[in-house]
Amino acid sequence: MFATSTQRSFWMFKDENDVSNARLSANIKYISSRGRNMTAEERELQFLNVTEEKILIMSYEYQLRDFCRKFLPPMPRYVIGTALHYLKRFYVNNSVMDYPPKEILVTCVYLACKVEEFNVSMDQFVGNLKGDREKAASIILNNELLLMQQLDYQLTVHNPFRPLEGLMIDMKTRFPTFSDPERLRSGIDEFLEQVFYTDAILIYSPSQISLAAIIHSASTSKENVDEYITKILFSEDQKRLLNLIEAVKKIRVMVRNVQTPHRDVIKALEKKLQLCCNTDNNSESPAFKKRMKQSFDDEESFEDGQYPSADSDQVRSMLMGMSEMGKI
Amino acid sequence: MDGNDQTCPKCKTTKYRNPAMILMVNACGHALCESCVELLFAKGSGACPECKCALRRQNFRIQLFEDPAVDKEVDIRKRILKEFNKRQEDFSTLREYNDYLEEVENIIFNLVFDVDSTNTNKMIDNYKKENKDITMKNRNRQSQEEIELEELLEAEKAQQSEKANSYVNAELEEKKQKHKAREKLIDELMFSDADAKSIVASHVQATAALAKEQPKAAAQAGGPVVKSSKFSSGIQIGLRQNTSSFLPIPKQQDLPLFHYSAPVFDYNGPSPPAIEVLGKLKYFANIRAANATERAGGYTEALSCCRALQEAMGGLFYIPQSGHKTAVAASAEETDDMETA
């Protein structure tokens with residue numbers, strides 16, 4: 001349950017400022033470690049600041065959604081929800097410049113599929129990607145452990161979908177005066193899609209989010225479900241009702257403020273990212289390749305015949321093959 | 001490998017054609033089926049069909065191993081070890097013992113593979129002459145050990161048979177007693193003047209009392225007579241000292257008894273209806289019914305309905321707070337500052 005979950009204990013924030021602060025600290029850490037000898041202006045030019053990072057992350061969240069929508073076999077929405085959760089959590093603690101978001105994105109989806117028991121083999125999975133499949137597979141597998149580590153190995157995510165179903169059932173049973181809550185479905189689905197682009201999932205509980213979805217959808221269709229909430233759900237706890245109303249209001253505001261980032265803005269930010277990103281983690285860079293090659297050589301010198309012996313030519317050709325990654 | 005080499009090399013009968021075929025192996029290590037052996041010696045000629053070495057009827061043994069070569073080696077080994085039966089105690093150093101063993105193996109190898117047989121035989125004869133007395137002593141020692149083993153086995157057998165006897169006797173005793181008691185009852189009913197019911201009642205009591213006494217008596221009789229294993233001075237009889245004293249079982253401490261306490265859930269929200277009342281409250285109308293295969297597996301609509309409701313209600317009272325580690329660290333810093341300030 002959410003109340004006893006790690007999500008509640010470790011991955012919740014007080015409000016949006018809190019989340020931004022966390023992101024800010026990750027950003028500052030990266031900049032200070034890389035741009036030690038620069039002035040403040042140079043840093044501003046060279047590195048991305050927090051708002052820019054946020055915009056970038058949002059664009060990648062859109063990309064994730066698109067990827068999952070076209071996924072074969074068709075991916076259920078709770079898997080997408082979990083993957084988005086992971087992506088958000090990862091980039092709360094780490095900077096976008098530190099780890100390339102494209103790689104983390106596919107790794108999140110892969111891990112979410114595993115965790116939510118949506119069984120997709122690696123071959124099936126990379127079949128949905130364009131470009132070099134083997135390279136993609138190796139990228140995913142290399143990043144999986146890193147992702148789990150950054151999530152503190154707390155992989156259970158509570159999405160708003162099941163509470164939504166529960167509330168629907170409850171409404172149909174205990175609030176029969178409201179005819180056919182199924183009418184609200186499309187509005188609800190849209191709301192829930194949008195809410196994943198905000199930070200609401202890191203601040204409010206999933207049942208609160210689903211209740212906000214119902215209320216929003218009802219109000220857009222000019223219906224009123226307040227009676228349900230006041231009389232039936234919260235009949236005993238009037239003071240908590242106020243708290244809930246606050247929460248719902250804030251969630252709706254957040255969703256309303258979601259802005260799809262503009263394509264040109266994104267392109268500019270991507271270019272900037274390429275310049276300032278951490279090349280050790282970026283699988284295209286020569287520094288990364290060098291490091292991988294070194295690790296291969298080291299392994300060979302330690303054990304005899306235990307690892308598949310890749311002589312240096314093979315290694316070089318394998319690394320050359322990892323030239324283009326961006327076609328996801 | 002089905003069966004033992006299936007075909008006899010001489011007559012080529014197989015185990016298919018003659019399932020009772022038994023292969024016999026001779027001193028030179030070749031196999032012949034029983035009928036061929038008889039044939040060979042009925043004709044009077046004594047030559048192995050494969051290698052033409054002279055054979056005697058006695059030298060044919062029933063093959064125990066699939067590979068006749070193994071059988072041959074086993075035979076030779078037995079023969080040699082009867083002669084070469086020195087033990088580790090007979091040698092002063094381990095090295096000498098190992099050398100001796102190697103010599104024995106060499107001899108066996110030579111005999112099995114017909115390598116240098118004349119020399120080998122000479123060596124055997126030499127050894128025999130030199131070590132006659134030691135060989136004899138070892139033989140006697142071996143036979144003594146065998147005798148002791150047999151004695152132990154016999155003692156065990158005797159014990160077991162005595163136990164069986166005692167059980168049989170006990171049963172017979174019981175039967176006799178029952179019979180007696182019944183006769184007594186009948187006699188009393190016939191001859192005494194007392195009320196029939198009271199006689200029966202007293203009789204029943206008597207049998208109950210008897211039944212209680214019997215197990216006690218059996219325990220006292222104490223099974224068969226156990227052979228004493230110790231002399232009065234404490235020295236143990238018999239050679240093999242296999243008495244293992246078991247360590248005492250560690251005492252189990254008296255731990256507090258298990259007490260079941262039902263788990264309490266804190267939903268942090270309005271409490272959902274309990275799973276038992278969901279049907280009455282008509283929730284199932286709004287949920288997909290379980291089909292036959294699901295019900296067979298134990299799934300009911302109540303389960304998923306209950307879970308959905310729990311998740312829906314749980315967390316509705318939630319107030320945002322910071323559980324995230326960065327936020328927790330930041331707030332800790334703040335409190336530190338406040339304390340120092």
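Across all chains of this predicted model, the structure holds 17 aromatic pairs, where a pair means that rings of Phe, Tyr or Trp (its six-membered ring) have their centres within 6.5 Å. Planes under 30 degrees apart count as stacked, over 60 as edge-to-face and the rest as tilted. Because the model is predicted, local features need pLDDT of at least 70 and side-chain atom pairs count only at pLDDT 80 or more, whereas totals for chains, interfaces and linings use all residues. Residues are numbered from 1 along each chain as its sequence is written, chains are lettered from A and ligands numbered from 1 in the order in which they are written, and side-chain values use heavy atoms, with hydrogens and water left out.

**Aromatic rings**

- The rings of A:Phe90 and A:Tyr91 have centres 5.0 Å apart and planes at 85°, so this pair is edge-to-face.
- Both A:Phe90 and A:Tyr91 are buried, a word that stands for under 20% relative accessible area, with exposed meaning over 50% and partly exposed in between (1.4 Å probe, protein chains only).
- In the pair of A:Phe161 and A:Phe196, the ring centres are 6.1 Å apart and the planes are at 25°, so the pair is stacked.
- This pair links distant parts of the chain, 35 residues apart, with A:Phe161 in helix H9 (residues 161-174) of chain A and A:Phe196 in the loop between helix H10 (185-195) and helix H11 (206-220) of chain A; helices are DSSP runs (H or I, at least four residues), as strands are (E, at least two), and they are numbered from the N terminus.
- A:Phe161 and A:Phe196 are both buried.
- One aromatic cluster is formed by A:Phe67, A:Phe71, A:Tyr110, A:Phe118 and A:Phe125.

**Helix H11 of chain A**

- The expected span of a helix is 1.5 Å times one less than its number of residues, and the 15 residues of H11(A) should therefore span 21 Å, which agrees with the 21 Å between its end C-alpha atoms.
- H11(A) is mostly covered, since 12 of its 15 residues are buried, including A:Pro206, A:Ile209, A:Leu211 and A:Ala218.
- A:Lys222, which follows H11(A), has a positive phi, near 60°.

**Where chain B touches chain A**

- In contact with each other (heavy atoms within 4.5 Å) are 31 residues of chain B and 37 residues of chain A.
- About 3,100 Å² is buried between the two chains, of which carbon and sulfur atoms give 58%; this buried area is the accessible area (1.4 Å probe) that two parts lose on being put together, summed over both.
- One salt bridge is counted between chain B and chain A, a salt bridge being a side-chain nitrogen of Lys or Arg within 4 Å of a carboxyl oxygen of Asp or Glu.
- The side chains of A:Arg162 and B:Glu311 meet in a salt bridge at 3.2 Å, N to O.
- On the side of chain B that touches chain A, helix H8 (301-313) and helix H9 (325-340) of chain B are the elements that give two or more residues, and H8(B) gives the most, with seven residues.

**Backbone features in loops of chain A**

- Most residues other than glycine have a negative phi, and most peptide bonds are trans.
- A cis peptide bond, with omega about -5°, joins A:Leu72 and A:Pro73, and A:Pro73 lies in the loop between helix H4 (50-69) and helix H5 (77-93) of chain A.
- A:Glu117 has a positive phi, near 60°, and is exposed, with a relative accessible area of 66%.
- A:Tyr153 also has a positive phi, near 60°, but counts as partly exposed at 49% relative accessibility.
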